[in-house]
Structure formats: structure tokens, C-alpha cells
Amino acid sequence: MARIIKFICLGFFLSSTLWSQDLQYYLPQEIEYDPKIPTPSSVIGHSVGEWHLSHHKLVGYMEAVAASSNRVTMETYAHTYEGRPLMLLTFTSPENHENLELIRKQHLQLSEPSESARLEVANMPVVVWMGYSVHGNEASGTNASLLAAYYLAAAQGPEIEELLDKAIILIDPSINPDGMNRFASWVNSHRSKNLDENPNSLEHNESWPKGRTNHYWFDLNRDWLPLQHPESKGRIKKFHYWKPNVLTDHHEMGAHRTFFFQPGVPSRNHPLTPENTYKLTASIAAYHAEALDEIGSLYYSQESYDDFYYGKGSTYPDINGSIGVLFEQASARGHLQDTDNGALSFPFAIKNQFTTSLSTLQAAKALRTELLEHQRNFYSSAIKESQNDQLRAYIFQSRDHGRVYHFLDMIKRHQIDVYHISQDLNVGGTDFSTRDSYIIPLRQNQYRLIKALFEQRTDFQDSLFYDVSAWTLPLAYNLDFKALDRRNFQVSLLGEYIEDLSFPKGQVIGGKSLYAYVFECREYYSYRAINHLLNQQLRVKVATENMIMQSGVIMPPGSVIIPVAHQELDPEEIYQLMQFIAENDGLAVRSLSTGFSTRGKSWGSPSIKPLTQPKVVVLSDDGISGNEVGEVWHLLDQRFDVKMTMVSQRKFTGLDLTKFNTLIMVSGKYRFLSNTAKDKIKQWIENGGQVICWKTGAKWLTDAKISSLQFKKNETDTISQLPYGERNKYTGAQKIRGAIFKVKLDLTHPLAYGMEHSTMPIFRNSELFMQRSKNPFTNPIMYTSNPLMSGYIHANKLEELTNTPAAGISHLGKGRIVAFTDNPNFRAFWYGTNKLFLNALFFGPTIEAKALK
């Protein structure tokens with residue numbers, strides 16, 4: 001026991017000589033290492049764990065290892081928004097490298113039921129993918145990848161030779177380079193020579209928005225399914241290029257915990273994942289336990305974390321024939337920090353991550369044939385299950401070709417086969433046309449993943465969720481979709497296979513006009529076109545009622561009109577702009593030859609309102625959701641080319657607010673806004689400004705007595721007594737962690753312009769409920785009487801939510817507040833509700849004040 005205590009003191013509690021120990025502290029010492037392979041310190045200039053690794057040093061070391069060993073090759077599979085490379089290193093024996101492409105193609109045959117039965121898995125290598133630090137401020141993973149690379153390149157002896165002969169090892173050393181570098185800069189710039197273990201130190205409390213996220217402040221560990229970012233798109237392409245048998249996902253958690261490895265909570269496994277996945281996860285876990293026991297590290301399993309949401313790095317592999325393994329290491333969030341378990345050092349955190357990297361490889365080698373058989377059986381059983389499924393296909397459509405394009409792009413990246421439909425079809429009262437509809441048959445290799453993307457699940461074994469309980473992707477894109485069963489599906493419905501995608505291009509219908517042009521705002525990128533036209537100093541207007549063209553075509557409310565006369569540009573330049581937006585934004589732009597109409601309002605009607613260029617400022621800083629600010633930033637910057645200013649609450653009082661016409665307030669406490677700032681916001685709105693807000697951002701405006709909208713108070717629980725041991729389960733079950741609900745729209749209201757139907761899905765992950773306004777015109781979006789579409793909500797909360805507003809408008813002087821109860825831009829893949837936000841941004845100023853009083 002004394003020896004164990006002494007070892008823990010040298011490992012968990014920082015020794016002053018630790019930094020000089022370098023590799024001896026981390027690596028197995030019973031083997032020799034090739035001196036021709038550069039050590040980490042010889043390239044990065046310091047011992048592993050002495051400083052937090054910057055990304056350029058990580059790249060430099062991996063390049064040095066790849067150049068010095070015939071066991072490894074290195075490639076770049078993507079670049080971040082900031083231009084940093086995402087690397088993948090492939091380690092295996094020199095002999096395997098010579099036949100790598102043949103090995104890869106044979107390995108992929110395991111996922112092809114028509115070919116897999118003839119394969120002899122006894123002679124096939126296992127493929128292991130080790131992914132480090134998707135959260136940039138969980139840095140022990142990335143820093144441990146240095147050690148993994150050095151060990152695999154330099155270790156000598158029969159054990160490593162056998163491993164490299166029987167395995168293809170893929171190392172993704174930094175899944176989030178931008179966040180990693182942001183965090184490393186923070187902790188290194190606040191590191192003292194005499195390490196400060198005080199948790200209150202600046203070193204351990206990085207500034208907002210912190211280094212967890214990517215450039216636009218997205219959590220990349222929620223993006224494995226939605227695939228909205230270049231890091232994820234590149235990684236998923238490589239994942240399917242190899243289809244690994246095991247994928248590790250190295251994270252960190254709170255400083256006062258120990259070390260977690262999967263399996264997670266058994267009752268929170270997703271039912272679409274085969275039981276054998278969890279059995280193999282448990283078998284692998286035994287190797288982690290043994291390895292951590294050997295170095296005296298505390299750990300736990302089957303608690304806290306789950307395997308439900310398939311958009312995470314440790315769960316996506318489970319629905320793709322692989323075994324995903326989550327590791328969570330207590331975080332020093334710097335170099336040394338006092339915790340409930342003593343002083344936690346960064347090197348100790350790195351050592352645990354490296355130790356479980358090696359135990360993963362041990363397990364994969366020992367369980368090689370079982371893992372390969374699992375992959376083969378996963379796909380062959382998927383085909384059998386699809387044959388027994390009453391459902392045969394999913395069909396979907398939308399007249400918004402931009403949203404459909406992005407949905408198809410996501411689907412194809414997941415290796416899912418999709419087709420045009422071959423004939424018009426009516427399913428459950430919904431007409432699907434060959435022009436706008438697509439079909440995904442269930443009888444294909446990705447049967448389980450397709451079910452995971454399309455299913456609307458409302459029954460659950462457990463009421464607690466680590467992340468969202470629903471993510472039905474066609475609902476997120478607001479597509480019409482139906483399931484086809486045995487009765488209404490036939491193979492002949494499969495039309496042309498979708499091979500390559502190209503963004504849909506529109507056209508100018510009617511040629512050059514000397515009077516005006518008009519287009520609907522139905523298309524997703526209509527708003528980019530509007531913004532582009534306003535940037536060109538054109539006068540742009542919007543119809544607030546139905547307009548009828550001479551041809552009889554009805555242009556609905558929200559249609560955008562560009563007069564030709566009295567513009568800064570001449571008719572030819574305007575025509576060229578119309579051609580540009582038609583092609584670039586996928587619009588059908590129609591020419592008008594006259595303003596007169598015999599069938600309704602003329603095109604000079606006072607019901608047609610002018611549009612103004614959005615000049616956007618977003619309140620940011622501590623206490624405000626960085627994810628939600630990032631979602632607005634990404635949406636406006638990447639998709640719609642709308643400039644915006646992010647300003648700190650602390651700087652807001654000195655801001656010249658007259659330079660802006662739109663203030664965005666996402667979820668947050670806004671505790672740094674003074675009374676002077678509140679008065680400033682109120683006066684600015686009275687002078688004609690518009691605030692777009694949601695969730696607690698909207699509630700703050702009510703509490704500050706700026707907004708007249710009201711919210712329900714949380715009802716007091718009437719239960720008198722419950723077992724103390726059930727407290728977490730009880731309180732957790734009351735939370736809405738993420739579910740999908742149906743709302744009804746007033747299609748005549750500017751917030752609903754361009755919508756195809758009077759109902760739509762909306763995502764909710766809060767328990768904030770708005771009260772219905774006394775004014776009948778100020779709640780244009782309402783939850784229905786039976787709102788739950790997919791996901792979990794407690795029965796009491798569902799009753800509270802039913803028939804409440806999802807949006808409200810509050811008038812103040814010449815301006816207004818547009819408030820949503822939910823985040824319309826959630827994780828960048830809620831393309832459907834993006835349009836509500838964009839309507840508020842571009843058309844909100846046209847809401848008449850007299851309707852708000």
C-alpha cells in the first residue's frame with residue numbers, strides 16, 4: 001500500500017522533478033525506442049505537459065515523425081475556418097503500408113453484405129481510429145497524441161511488431177485546431193514559473209467564449225450527424241473511407257472528478273444500436289480498467305454519460321458498425337490545479353489519456369476477430385432487419401430547393417443512397433411530385449442510420465439525457481416527409497440515382513424588364529439576394545399581401561419587388577444583378593412589364609413596404625451563450641453575407657447605437673448591463689430600433705420592463721416527499737433537454753413570409769413559456785394543442801407548453817421587440833426555423849405599430 005501511495009504522489013500530485021522526467025514518466029520502460037525517431041521535446045522545444053501544445057508545434061512534430069519512420073504516413077483531410085490543417089496519421093507495419101489500398105478495400109467489403117461472407121477475418125487487420133480533443137480546452141488528449149505517435153513510431157520489440165502487423169492505427173491528433181490553439185494561448189500566457197494551483201487563477205478561468213468550440217463557437221462534438229462545418233465534413237469522409245472498428249474520443253470533464261470510460265448508463269443506450277456493440281464496449285473497458293489500475297488512477301464507468309445521441313464522436317460509430325469509446329479525464333484547465341482529489345497536474349491528465357490509448361490498442365489486437373465479425377454482422381443483419389421492417393422507404397420534398405440541396409448533401413456524406421421519385425405520388429393526403437421529391441429506400445447498408453435520422457421517437461426507457469432527445473433531420477430542415485410501408489412502396493418508385501450534387505440555379509423569367517422584377521422569398525437564399533441588392537444601394541420592397549401578375553401567377557406575401565425606375569443603377573445593370581441572384585441564390589426572378597393589375601392590387605400599392613439594410617449588433621460576453629452568438633455569427637457571415645458587430649456588455653454603454661437598426665439578444669443573464677444601458681436600449685427602440693431575442697434574452701427584456709411580453713412562472717411542485725437518492729432522476733426528468741414540437745403559423749404575418757404550410761416543426765430545449773398576449777395580432781406563432789412531434793417531455797411540462805406562444809411582438813414607440821421562446825438557429829442545422837429569424841431580420845421592420853398596441 002505504501003508503494004501505491006508513493007506512486008500516486010508522484011503521478012497525481014505534481015513533483016518538482018516531473019518536468020525533467022519527460023518521456024520516462026509516460027512511456028512503458030521495459031522496451032527500447034528507436035533513437036532515429038525524434039522525441040517530442042526535440043521538436044517542440046519543451047517536455048510534454050510542461051506547456052500546452054500550440055497547433056503549429058503539433059503539426060511540426062507529426063511531420064517530423066512521418067518523415068523519420070516507414071511505419072507512418074500523414075495527410076491533411078480538411079482545413080478549419082482559420083486555415084489550420086486537420087491531420088490524419090496512419091500507423092502500421094511497413095509491409096502493410098505497401099499494400100494499404102488493398103487492405104482498405106478489403107476492409108470496406110465487411111460493410112457490403114453481398115461481399116462480406118467470403119472474407120476470412122482471421123487474416124485481416126483491425127482498424128482503430130484515435131481522435132483527440134474535439135473540445136479545444138480539453139487539451140490532455142491532443143498532448144497525449146504526441147506520445148501515441150512517438151510510441152507507435154519508435155517502440156521496438158515483438159509486441160509492437162505484432163500490433164502493427166495486425167492493426168491499421170489512425171491518429172487524429174487535434175479534431176478542433178482553432179479551439180485548441182485559442183485555449184493553449186490562454187493558459188500559456190497565464191502560466192507562472194512557479195505553478196499556481198489556485199482554481200481562481202486566471203490561468204484556470206479562460207475568457208469568454210473559451211476554447212471548447214471551433215472558430216464560430218460551435219461544439220464540434222455535436223456535429224457528427226448534422227455535418228455543418230468543414231472539420232466535420234472532412235472527418236466524416238475519412239471515417240467512411242476507412243470505416244474503423246474502434247474509434248476513441250478523448251475528452252476532459254470537471255476538475256473534481258477522476259477518469260471515465262464507457263460503457264455509459266445502460267438505460268440510456270439508443271435502441272437502434274445492436275446489443276453486441278455494448279458487449280464489445282464492456283470487453284474493451286476491462287483493458288482500460290487493468291491499465292489504470294497499474295498506474296493507480298481512479299476511474300468510473302456506467303455513470304453520467306450515455307450512448308443516445310448519434311451526433312457525438314463516441315456514438316456515431318455505434319450506428320456505423322464500429323465501437324465508439326468515450327474517455328473523460330478530470331481537467332487541470334491549465335498546468336496544475338487544486339481539486340477534491342489533490343493537486344491535479346496536466347502531465348498526470350496526459351498520462352491517463354496516453355495509458356488508455358495503449359489499452360485501446362491492446363484490446364483491439366486481442367479482440368480483433370470479434371471486432372471484424374461485429375462489423376460484418378452489423379451490416380448483414382441490417383439488411384435482414386430492413387426486410388422485416390414494415391416500413392420500406394422515406395419520401396421527402398420541398399419547393400425550397402436550397403434547403404433540399406443542403407439536406408441531400410448531408411445525406412450523401414453519410415453514405416446513404418437517395419433517388420428521385422419516378423412518378424407523382426399521394427401519401428396520406430400529401431402530394432409528392434417528380435420535380436421536387438426524393439426517396440430513400442430502407443433496404444440498404446445504412447438502414448439503421450436512416451432510421452436514426454428519420455424516426456420520430458416519443459417513448460423512452462429513461463427520462464434523462466446527456467444531450468438532445470430528438471434530432472429528426474427532415475423536421476429540422478422543415479421538409480414534407482412520409483414513411484412508405486409495404487402497401488404503398490414499390491421498387492419502381494426509385495427513379496434516377498442521386499450521384500453528384502450541384503447547387504440549384506434559378507433563372508430570370510421573362511427577360512430584361514424596364515419596369516420591375518419580383519421573386520418569392522420561399523427559397524432559403526432569398527435573404528442573401530435581398531442583402532446583396534441592398535448592398536448595391538437598390539430600393540427593394542416587399543409585398544404584404546397576395547399580388548397577381550398579368551400571367552395569373554400569384555405572388556404571396558413576402559414577395560420581393562425591385563423597381564427599375566429611379567434607381568442608382570441603369571436597367572442593364574439591374575438586369576445583370578437579377579441574373580446574378582437567380583443563379584447564385586437559386587431564385588426564379590420574374591419580370592414585370594407593367595404595374596397595373598386587373599385581378600388585384602397594383603404594383604405601386606401602399607401595401608408594398610420598403611426594406612432597409614440590416615445593421616446588426618449582437619450583445620456578447622460572460623453570462624451570454626457563446627454557442628448561440630456563434631450560431632448567429634455563422635449564419636449571417638457564412639451563408640448570407642450580412643455584416644454584424646459583436647459587442648461586449650461592458651462596452652455597450654459607450655457604443656453609438658444609432659449606427660445599428662437591429663440588436664440581437666440570445667440566451668443570457670446580461671448581468672453587466674447597467675441601468676444606463678437599459679435606458680439606452682429602451683430609448684433606441686422608441687426611436688425605431690428593433691430587438692430580436694429569444695429564451696432568457698427575451699425574459700431579460702421583460703424583467704427590465706422594456707418588453708411588455710410576459711412569461712409563465714414556474715409552477716411549485718406539490719409533491720411533499722421523495723427519496724433523496726432519486727433527486728437527480730426527478731429533477732432531470734423535468735428538463736426539456738431537446739425535443740421537437742409543432743407550431744402553427746399566421747401566414748399573413750411577416751415572421752411567416754415564405755413558409756409553405758401553416759404548421760412547422762420547432763426545436764425547444766428550455767422550460768421558459770410565454771404567456772399569450774391580449775393583443776390578438778402579436779403572437780403569430782403558437783404551439784398547437786398536440787405539439788409533441790419527437791423527443792421527450794414530462795407530461796406536466798407538455799401541458800404547460802400546449803397552446804402557448806412560440807413568438808411574440810412587443811411595440812415600444814417607433815420600434816419593436818421580436819421575441820422567440822426558442823433558439824431558431826440551433827446548431828446551424830435547423831434550416832427551417834432559420835427562416836423565422838431571417839424574416840424577423842429583414843421583414844420585422846415592416847410590422848405595423850398599430851397592430852402591436
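In helix α10 (residues 158–166), the buried residues are I160, L163 and L164, buried denoting under 20% relative accessible area with a 1.4 Å probe and protein chains only. These residues span an arc of only 95 degrees around the axis and therefore lie on the same side of α10, the arc being that of the directions from the helix axis to the C-beta atoms. The model is predicted: local features require pLDDT of at least 70 and side-chain atom pairs pLDDT 80 or more, whereas totals for chains, interfaces and linings use all residues. Numbering starts from 1 along each chain as its sequence is written, and side-chain values use heavy atoms, without hydrogens and water. Helices (H or I, at least four residues) and strands (E, at least two) are DSSP runs numbered from the N terminus.

The cover over the buried residues of α10 includes β2 (85–91), α6 (94–98), α9 (140–154), β4 (167–172) and α14 (346–366), contact meaning heavy atoms within 4.5 Å.

Helices α9 and α14 pack at an angle of about 50 degrees, their axes being 8 Å apart; axes are lines fitted to C-alpha atoms over the stretch in contact, with angles from 0 to 180 degrees between N-to-C directions. Contributors to the contact include L147, Y151 and L152 of α9 and F346, F354 and L358 of α14. By class, this contact of α9 with α14 has 11 nonpolar, four polar and no charged residues, where Ala, Val, Leu, Ile, Met, Phe, Trp, Tyr, Cys and Pro count as nonpolar, Asp, Glu, Lys and Arg as charged, and the others, Gly among them, as polar.

Key: Buried means under 20% relative accessible area, exposed over 50%, partly exposed in between (1.4 Å probe, protein chains only).
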